[in-house]
Amino acid sequence: MVDRRASDAAHAGGTQPEEADRLREMLREPAYQKALVFSALIGVPVALAAFWFLAGLHELEHVMWAVLPEHLGWDTPPWWWPLPLLPLGGLAVGLVVRHLPGAGGHIPAGGLHSAGMAPAALPGVVLAATASLPLGATLGPEAPLIALGGGLAVWFAQLARAPSTPQSTVLLGAAGAAAALSAIFGNPLVGAVILIEVAGVGGPQLFAVMLPALLSSGIGFLVFTGFGRWTGLSTGSLTLPADLPSPRLDTGDVVWSLLMAVGIAAGVHLILGGGRLAARFVARRIVLHTTLCALAAGVCASVYTLVTDRSPVDVASSGQAVLAQLADDPHAWGVGALVAVLLCKGVAYALCLGSLRGGPIFPALFLGAAAGVLLAPLPGLGVVPALAGGMAAAAAAALRLPVSSAVLVVLVLGGSEMIPVVILAAVAAFVTVELLPPGPAVPPVGKPAGPH
């Protein structure tokens with residue numbers, strides 16, 4: 001009787017005990033336990049494959065943009081260097097999309113996708129990424145890595161003749177994708193958080209609960225740190241001493257970061273809309289129009305070099321290495337160079353999002369950082385808070401994953417002082433893009449809409 005009354009009270013109080021029971025039942029299932037063990041085992045070969053894939057892309061990019069120009073007598077690539085490389089990559093991607101299974105992977109303008117690539121599509125994914133990224137696409141490698149990791153995990157399961165169910169396939173795909181992503185972000189936490197948000201577990205209800213919690217967390221941290229400075233008292237927290245000092249936030253940093261996040265989010269949303277338009281243009285004549293879009297992206301890089309006398313790599317790359325240079329010495333970039341790189345890289349980013357293959361994260365981070373450095377002279381806004389807020393806003397607007405964006409930027413910065421600005425900027429940017437019109441839809445991958 002007591003047990004029944006307790007059970008009735010638990011059910012009257014909500015579904016929490018039911019959910020806990022379901023979790024325990026799932027953990028006790030032999031099929032789920034085997035899937036967990038297999039997920040741990042496949043992490044090794046998937047991570048090795050991702051390592052060699054990334055290493056190969058990096059070495060090929062270094063050859064194309066550093067070694068080869070140096071052998072031909074240039075310290076840096078000349079202004080016309082992107083003009084033959086990018087169309088060549090566009091032609092190769094167009095042929096892959098047109099003829100190989102899987103169409104080379106997801107269209108980047110559609111955002112990141114959870115691991116759902118069939119093993120038969122992996123050769124096309126690898127070839128399309130190899131033709132795009134080392135030859136100057138304004139994209140990152142994270143989307144091909146997700147496809148590669150998820151596809152390899154499912155393939156290994158098939159080779160081992162492991163029992164296959166829809167649940168185990170999804171689980172193994174996510175595990176493989178997470179193992180592959182950990183290589184590029186340098187931290188296993190980022191890949192796991194990204195995949196949780198990309199998979200959309202919980203749907204709109206997850207975001208409905210997550211956004212207020214994330215926003216309140218950032219504001220609460222501001223209040224705690226502010227009162228700590230004003231009163232000289234300490235509440236105690238789980239922190240480790242940092243080697244490099246970070247500037248302290250003030251009111252101007254917070255206010256400007258919020259306003260800046262709204263503007264950056266609107267700009268990134270416009271770029272993504274341009275990427276979707278480019279994808280629709282490419283779908284009409286896949287090979288020809290992919291080549292033309294890639295050529296136009298190369299023209300953007302060449303125009304940037306002619307205007308600023310800087311390297312076309314600033315535009316024709318993911319922006320990962322250039323972002324490190326910008327963060328290390330932001331004052332080396334004049335106002336003209338920042339405006340030029342925002343315009344030229346923004347247009348090239350939109351063109352590559354709709355035509356080539358890669359991921360949207362790194363170019364968005366660089367554009368947000370460049371916008372932050374450009375706006376840093378505003379009264380009361382520091383360079384580091386502007387950089388942090390700009391990156392968080394651009395990443396959240398491009399990915400529509402506010403938690404992942406905040407975690408990624410915090411780990412990139414390597415400190416905790418900028419966490420409130422990062423959280424507030426990510427939430428403001430996410431809300432902004434969600435309230436804006438969605439824009440054109442991305443066409444199905446590899447489906448031609450006209451003659452070829």
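**A buried serine and its surroundings**

Q: Which residues does S317 touch, not counting those up to four places away in sequence?
A: S317 touches E61, G136, A137, T138, L139, V322 and K345, where contact means heavy atoms within 4.5 Å. Please keep in mind that this is a predicted model, in which local features need pLDDT of at least 70 and side-chain atom pairs count only at pLDDT 80 or more, while totals for chains, interfaces and linings use all residues. Residues are numbered from 1 along each chain as its sequence is written, and side-chain values use heavy atoms, with hydrogens and water left out.

Q: Where is S317 found?
A: S317 is in the loop that runs between helix 11 and helix 12, the helices being DSSP runs (H or I, at least four residues; strands are E, at least two) numbered from the N terminus.

Q: And is S317 buried or exposed?
A: S317 has a relative accessible area of 4%, so it counts as buried; the cut-offs are under 20% for buried, over 50% for exposed and partly exposed in between, with a 1.4 Å probe and protein chains only.

Q: Stepping back to the whole chain, how many helices and strands are there?
A: The protein chain has 17 helices and 0 strands, and of its 452 residues 46% are buried. If you take the contacts between residues at least 6 apart in sequence, 81% of them join residues that are at least 24 apart.

Q: What about R400, what is its phi?
A: R400 is not a glycine either, and its phi is positive at about 60 degrees. R400 lies in the loop between helix 15 (383-399) and helix 16 (402-413), where it is partly exposed, at a relative accessible area of 23%.

Q: Helix packing next. At what angle do helix 12 and helix 14 cross?
A: Helix 12 (residues 320-328) and helix 14 (residues 361-375) cross at roughly 20 degrees, and their axes come within 9 Å. The axes are lines fitted to C-alpha atoms over the stretch in contact, and angles run from 0 to 180 degrees between N-to-C directions.

Q: Which relative direction is that, parallel or antiparallel?
A: Helix 12 and helix 14 are therefore roughly parallel, since angles under 35 degrees count as roughly parallel, over 145 as roughly antiparallel, 65 to 115 as roughly perpendicular and the rest as oblique. On the helix 12 side the contact is made by Q320, V322, L323 and L326, and on the helix 14 side by F362, L365, F366, A369, A370 and V373. By class, that contact has 9 nonpolar, 1 polar and no charged residues; Ala, Val, Leu, Ile, Met, Phe, Trp, Tyr, Cys and Pro count as nonpolar, Asp, Glu, Lys and Arg as charged, and the others, Gly among them, as polar.

Q: How far apart are the axes of helix 16 and helix 17?
A: The axes of helix 16 and helix 17 (residues 419-435) are 9 Å apart, and the two pack at an angle of about 150 degrees, so they are roughly antiparallel to each other. P402, A406, V409, V410 and L413 of helix 16 make the contact with I419, V422, A426 and F430 of helix 17, which by class gives 9 nonpolar, no polar and no charged residues.

Q: And helix 4 with helix 11, at what angle do they pack?
A: Helix 4 (residues 82-99) packs on helix 11 (residues 286-308) at about 155 degrees, with the axes 7 Å apart, and that makes helix 4 roughly antiparallel to helix 11. Among the residues that meet are P82, L86, G90, G94 and R98 in helix 4 and I286, T290, A294, G298 and S302 in helix 11. This contact of helix 4 with helix 11 has 15 nonpolar, 6 polar and 1 charged residues.
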